[in-house]
Amino acid sequence: MTLSFIRSVAVPLPLANVDTDQILPKQFLTTLERNGLAAGLFYDLRFDDRGEPRADFVMNHPAYAGAEVLIAGANFGCGSSREHAAWALADFGLKCVIAPSFGEIFRSNCTNNAILPAALRGEEVVTLLAQVGAGALSIDIAAQTIEAPSGETFRFALSSNEKRKLLNGFDDIALTLRYVAEIEAFEGKRGGMRQP
Amino acid sequence: MSARTLYDKIWESRLVAADEDETILYVDLHLLYEVTSPQAFSGLRAARRGVRRPDLTLAVGDHGVPTSNQAAGIAGVPDAAVRAQLAALEANAAAHAIELYPLGDARNGIVHVVGPEQGRTAPGMIIVCGDSHTSTHGAFGALAFGIGASDVEHVLATQTVRLRKLKNMQVRFHGRCGPGVSAKDMALALIGALGADGGAGHVIEYCGDAVSGLSMEARMTLCNMSIEAGARAGLIAPDESTFAYLRATPAWRTRTDYADALIAWRGLRSDADAHWDRVVDIECSTIEPCVTWGTSPDQVVAIGGAAPEPARIPDPTRRASAVRALAYMGLAPSQPLAGLPIDRVFIGSCTNGRIEDLRAVAEIVAGRRVASGVRAMVVPGSGLVRRRAEAEGLDKIFLAAGFEWREPGCSMCLGMNADKAAPGERVASTSNRNFEGRQGRGARTHLMSPAMAAAAAIAGALVDVRLLAPAPARIMESA
């Protein structure tokens, strides 16, 4: 799967340290495959004790139906390494999370699933949050830019491998297997079996 | 060659190739469990790829396992979805000739308890697992960190991981912890000081005389929670304690190459003049028994402290998070933590489910009773921990005090099995995360040390373990 441009309104979730337990609670972890997790996304936040949508949760607001971008606080996706969090975001239709920073394992889980983790400076995130009602954002992954509804443009960082994976849909395993000779050489140098 | 840190040295010793801005590093040990591996094996099957080094891979069942009736094996697991995950793990391990400790086998248990206990964890290794608390193994001077399931698939197929180099942070603990203060309190105090993302972008090396003085199990507790400060890995240079611990493990008791290994291990330390991107100094005499008040592990205070006054938090996002956390936890601004009544006590997890943790609990609860209305459980970190505790008679102390004595697993740390707290229940927990809903929807988790959780069980409320009168058993001994 590739990702190059996104044009969408953004859902605001301005909370710090939104952990992967929030993004996808444990009761949805007992699956064997990567798909079918949209129903569990932010489950405890989205649904009340009877399983009804909470009217006061932002993602349940009709204005944000179909949004492909989420704007959150610092350290988004901290905690558990569960890639299920990224799978649930993707399954729900989200393609980009904008935040001042991300949990590191979550960040790589995103880029392995065609989701853009766009880290902006805190004040830039505040600027974007102030404009969520003013229209769509335009995100250009090749240019590494986010254009706000006001026309202001912010730049986010991506490593060259992250960028190449998002734009081309590359699979890390295929990329690494180009170095199989180097892997074999390393193993040869160390001897075959278990090492201290 | 310029001076290097331990992290730099391990990194360079496992370097296979550079690709774009990433480095391909060789993995010495890959640990698997039932929740984050079936998708990886599915991916391998779809791409017609195999497992490169089953001999460097070990599988256990831990996250969803019930903590009773494990002798019945997978067939006895009541939850059908968990049963299917455990069965998939067993089938995948068998299909690829990967060693697996079955449910009910004494060697099985929490993956981060089992690896060190079996001597599979060793200094200088790169160790990965699809679990964020893989940082635990850093206690042995291994570079150990959690990965997602796609990366699990990558390691299965290539025996390597792709990474960008992180920065070096040195955390130096000086002096001595006072009575009632443990490695858990060192970890919580550090996380409180750094913040939940204060270690982001860094690998932490724990140094200082207070760290050298810690047992291997206490070192594991400290390294375990590195991720709660946002650091992907934490490590401690191996020393005589490390070597003595490993020599006694099943893997190393009989190995003939121990002497050679020792020579290599002794070189695994940061150079004296190595460059640190950040240095943090903590005086252990200032650390008190800690307890979290909120829903992030950095929302922590000394037991004599109180919940914050959000109006005094300048950053608007952090203020909003504090307001939300107080509401979730059922606390008022500035409310003191000591004296808060609790409903549940959980002793266990990869943070505090080892024999020394259980001994610390037994010392507090011997001859006492769990407060009425409190449900308290002890879940050993592995079958071997359970067996050892029983050999020492700890199980009888727990049962006499009114604790449940369970079978091993992750249990209530993440509530994937039946061990959950009910909405609104307040839990004194020795685990690592107080996230909303972590121990059950609406459950209110307070993280603390085993001794503090034991004291809370007896008092029926959060309490400073140092203020508890000496245990009756101890009075009898000294009489």
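This talk walks through a predicted model with a chain A and a chain B.

Some housekeeping. Residues are numbered from 1 along each chain as its sequence is written, while chains are lettered from A and ligands numbered from 1 in the order in which they are written. Because the model is predicted, local features need pLDDT of at least 70 and side-chain atom pairs count only at pLDDT 80 or more, whereas totals for chains, interfaces and linings use all residues.

On confidence, pLDDT is the predictor's confidence in each residue, from 0 to 100. Chain B averages 96, and 98% of its residues score at least 70. For the model, ipTM is 0.96 and pTM is 0.97. Where pLDDT is low, the predicted coordinates should not be read in detail.

Chain A can be brief. Chain A has eight helices and eight strands; helices (H or I, at least four residues) and strands (E, at least two) are DSSP runs, numbered from the N terminus. Its C-alpha trace spans about 60 × 40 × 25 Å along the principal axes. Of its 196 residues, 47% count as buried. A residue is buried if 20 or more other C-beta atoms lie within 10 Å of its own, exposed if 12 or fewer, and partly exposed in between, with C-beta atoms placed from the backbone. Two residues are in contact if their C-beta atoms, placed from the backbone, lie within 7 Å. Take the contacts in chain A between residues at least 6 apart in sequence: 68% of them join residues at least 24 apart.

Now the interface. Chain B puts 64 residues in contact with 47 residues of chain A. Several elements of chain B give two or more residues to its side, including strand 1 (15-19), helix 3 (80-95) and helix 12 (316-329). Which element gives the most to that side? Helix 5 of chain B does, with seven residues. The chain B side divides into 23 nonpolar, 20 polar and 21 charged residues. Here Ala, Val, Leu, Ile, Met, Phe, Trp, Tyr, Cys and Pro count as nonpolar, Asp, Glu, Lys and Arg as charged, and the others, Gly among them, as polar.

Next, chain B on its own. Chain B is divided into domain 1 (6-278) and domain 2 (290-478), with bounds from an automatic or database domain assignment. The centres of the two domains, taken over C-alpha atoms, are 25 Å apart. Their contact takes 39 residues from domain 1 and 35 residues from domain 2. On the domain 1 side, helix 4 (111-117), helix 6 and helix 8 (216-224) each supply at least two residues. Helix 6 gives the most to that side, with six residues. By class, the domain 1 side has 14 nonpolar, 17 polar and eight charged residues.

Helix 6 of chain B deserves a minute. Helix 6 has 12 residues and reaches 16 Å from first C-alpha to last, close to the 16 Å expected at 1.5 Å a residue; the expected span is 1.5 Å times one less than the number of residues. Is helix 6 largely enclosed or largely exposed? Largely enclosed by the rest of the structure, because 10 of its 12 residues are buried. Among those buried are B:Lys184, B:Asp185 and B:Leu194. Just after the helix, B:Gly195 takes a positive phi of about 90°.

B:Gly198 counts as buried because 20 other C-beta atoms lie within 10 Å. Leaving out residues up to four places away in sequence, B:Gly198 touches B:Ala229 and B:Gly230.

Another loop residue is B:Asp62, between strand 4 (57-60) and helix 3 of chain B. B:Asp62 has 28 C-beta neighbours inside 10 Å, so this residue is buried too. With the same exclusion of residues up to four places away, its contacts include B:Tyr33, B:Gly109 and B:Cys410.

Last, the core. A nonpolar core is a set of buried Ala, Val, Leu, Ile, Met, Phe, Trp, Tyr and Cys residues joined through C-beta atoms within 7 Å. The largest one has 214 residues, and those touching the most other members are A:Ile71, A:Ile98, B:Val365, B:Ala456 and B:Ala457. Helix 17 (residues 450-459) of chain B provides the largest share of this core, nine residues. Both domains of chain B give residues to this core, so it lies between them.
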